[in-house]
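Here is my note on the model. Please keep the structure open while going through the points.

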Amino acid sequence: MKDTRRTRMVLGGLLVVALTMITVDYRGGAHSPLRGLRDLGASVFGPVERASAAVVRPVGDTFDTITDAPGERHRADELARQNQRLREQLRSAKLDKERSAQLQKLLGTAGMGGYTIHAAQVISAGQGFEDTVTIDVGGRSGIKPDMTVISAAGLVGRVTRVGPATSTVLLATDQTSSIGSRLEASKEIGITQGRGRRGLGGGGATPLRFQLLDAAAPIHVGQRIVTLGSQGQRPYVPGVPIGEVARIEKSTSGLTRTAYVRPFVKFTSLDVVAVVVAPPKTDPRDAVLPPKPKPPATPAPSKSPKATKSPKARESGDARPSGSASPSTEPSAGD
C-alpha cells in the first residue's frame, strides 16, 4: 500500500478512535458502554491468544533458562561460599571460647604457684622417636632452652630447642625425660621417667614411672606427685603437679620402689600451654595441686526401736508398793 496523504489520515483517525474507546472503557469501569464490545473481542481473540502463548511460552522459558544459567550458578556458588564462611566462623568462635577457658585455668594455676608464664599454643607434634611438640613462641618472646612448660592441669615438659618464633618441647612422657619429684604429704623424693611415645605403647593410662629412692618409705595408690625442682630452677621449677599413683610394683631388689603414674595432663590433646619464664620466689610445695574430692557422706545408722514392756512387766509396774496402805472396805466409826 502506497504511503499517501489519505492513508496517513485514515491511520490517524483510527488511532484517535482507538484511544478514545480505550479512554471511555477505562473511565467507565464495570459500567462501561463498551463492555459488550470488549467481551466480544475477548471471546473472539482469547483462544488465539492462548494458543499462541502455549506455543511461545516453552521457547521463552528455555531461552530465559539458558540466559539466566550463568547468573544462577554464580548465585549458588556465592551462597555455598557464604555457608562455608559461616561454618568457619562458628568453628573459630567455638575454638576461641574453649581456648579462652583453658587460658583462664592456666592463669589460675600459674597464680597459685607464683610462676611467671608466657602463654603459647601447640602447633604440631613430633614425628620422630622423641615425644615432642612445637609451640608458637620462641626467642623473640624471651623463650630459652631448659624452661619448664606447663598446662592448666600440670607438667607438660621442658623446652629443648628454640627458634626465632617457635620452640620444641620435650614431653614428660619421653623415655629420656627424668624429673626430680616429691610425694604429696610425706615429702618422699623420687624420679619420674617417661615410658615413650606418650605412653601409648607402655601402659596407656600410665605413661609415667616413679621410682621412690627409699624403698621402705610408705606409698599408696592415689597419692599425688609434684616436681621437686632443679638446680637453678632449670629445667623444672618446683611444685608443678605431675600425676597420681595408679599402681605400685612389688620391689624385687629392695633398693627402690616403682610406681606407675596417671598424669594430670592429657598428652594426646595438648592445645594451650605456657612456658615458665621466671620461677616462683618460694617453693609452692603442694599448693598447686587441685583439692581432693570430698568422700561421700555415709548414712547415719538408724536407731533401734525401744523394747516394749511385756504384759507381766506392765502388771508389776502397775502394782502398788508394799509399804502403801490399801483402801479399807469396812465403814469407819463416823459412818
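1. Start at V226, whose opposite residue in strand 10 is P241. This is a predicted model. The strands involved are strand 9 (residues 224-227) and strand 10 (residues 241-249). They run antiparallel and are joined by three bridges.

2. Now follow strand 10 to its pairing with strand 11 (residues 257-263). Six bridges link strand 10 and strand 11, again in the antiparallel sense. Look at E249: its bridge partner in strand 11 is T258.

3. Next, S177. It sits in the loop between strand 5 (167-171) and strand 6 (178-183). Is S177 buried or exposed? S177 counts as buried because its relative accessibility is 1%, and the cut-off for buried is under 20%. Beyond its neighbours within four places in sequence, S177 contacts L171, A172, T192, Q193, G194 and Y236.

4. On confidence, the protein chain has a mean pLDDT of 79. Residues at 70 or more make up 66% of the chain. Among the elements, strand 3 (residues 148-150) has the highest mean pLDDT, 97. Helix 3 (residues 311-318) has the lowest, 47.

5. Treat residues 311-335 separately. Their pLDDT is below 50. Apart from near neighbours in sequence, the stretch has one contact in the model. Where pLDDT is low, predicted coordinates should not be read in detail.

Conventions. Residues numbered from 1 in each chain as written. Predicted model: local features only at pLDDT ≥ 70, side-chain atom pairs only at ≥ 80, totals over all residues. Heavy atoms only, no water. Pairing = 2+ DSSP bridges. Helix = DSSP H or I, 4+ residues; strand = E, 2+ residues; numbered from the N terminus. pLDDT = per-residue confidence, 0-100. Contact = heavy atoms within 4.5 Å. Buried < 20%, exposed > 50% of the residue type's maximum accessible area, 1.4 Å probe, protein only.
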